[in-house]
Amino acid sequence: MKKIIAAVTALMAAQAACAADGKLVDTAYGEFGSASKVRMVRLGATQDWKPSWSWFESNGTHLTGYWDASIGAWELRQYKNIPGNKSHIVDIGFTPVFRFENVNKLGLYAEIGIGAHLLSHHYDNNDDGLSTAFQFGDHIGIGYVFNKNWEIALKMQHFSNGSIKKPNSGVDYGVIKLAYRF
């Protein structure tokens, strides 16, 4: 638990240090993900990159991004490969995300990110294993911003330790995201 508290503190300090416009949080979101014999819920906050961090502006679109800090809970439903045996994992993450979007931040967008995650314990579920608490979390997604405040997205999320240590079978989630921009 001390490691999780230290990680959250470090993530928030890093995000505060990167504040471009004085706001600590631009968007808050909730996510639900599902994979084989595991489910995940996650809450997070994002902060847009500085306006000068924008590339390939053309026809009202550009490439930009945001910092993402999150905390999630995983429910393993076949822990240690025993049907019906459950376990829970807490996941703390920090991810820089590139987003291709309209300059006005409305409408369709696509994004990709890879970041660092710290799990409360090793993943051993449904013949899959992650032997380290540290994991890389990468995702690719598409979404739609309905107005200046609400957005919805679908993402594919992959967790892996990058073969730092075996076993490392990886975990893949299908994720739905609902976000509110302040």
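This is a predicted model: local features need pLDDT of at least 70, side-chain atom pairs count only at pLDDT 80 or more; totals for chains, interfaces and linings use all residues.

Guide: Two strands are said to pair if DSSP finds at least two bridges between them. Strand S1 (residues 27-35) pairs with strand S2 (residues 38-48) in the antiparallel sense, over nine bridges. Two residues lie between S1 and S2, which form a hairpin; in its turn, Lys37 has a positive phi of about 65 degrees. S1 also pairs with strand S11 (residues 171-181), again in the antiparallel sense, through eight bridges. Here Gly33 has Val175 of S11 as its bridge partner. A contact of another kind involves Lys177, which lies over the face of Tyr29 at 4.7 Å from the ring centre.

From this ring the account turns to the aromatic pairs, of which the structure holds 15. Trp49 and Trp55 form an edge-to-face pair, with 6.3 Å from centre to centre and 80 degrees between the planes. Trp49 counts as buried because its relative accessibility is 8%, and the cut-off for burial is under 20%. Trp55, at 36% relative accessible area, is partly exposed. Trp55 also forms a tilted pair with Phe98, at 6.3 Å centre to centre and 50 degrees between the planes. Trp55 lies in strand S3 (residues 55-58) and Phe98 in strand S5 (residues 87-102), so this pair ties together parts that are 43 residues apart in sequence. Phe98 is partly exposed, with a relative accessible area of 37%. Ring pairs link Trp49, Trp55 and Phe98 into a cluster that also includes Trp53, Trp67 and Phe94.

How values were computed
Residues are numbered from 1 along each chain as its sequence is written. Side-chain values use heavy atoms; hydrogens and water are left out. Helices (H or I, at least four residues) and strands (E, at least two) are DSSP runs, numbered from the N terminus. Rings of Phe, Tyr and Trp (its six-membered ring) pair if their centres lie within 6.5 Å; planes under 30 degrees apart count as stacked, over 60 as edge-to-face and the rest as tilted. Buried means under 20% relative accessible area, exposed over 50%, partly exposed in between (1.4 Å probe, protein chains only). A charge sits over a ring if NZ of Lys or CZ of Arg is within 6 Å of the ring centre and within 35 degrees of the ring normal.
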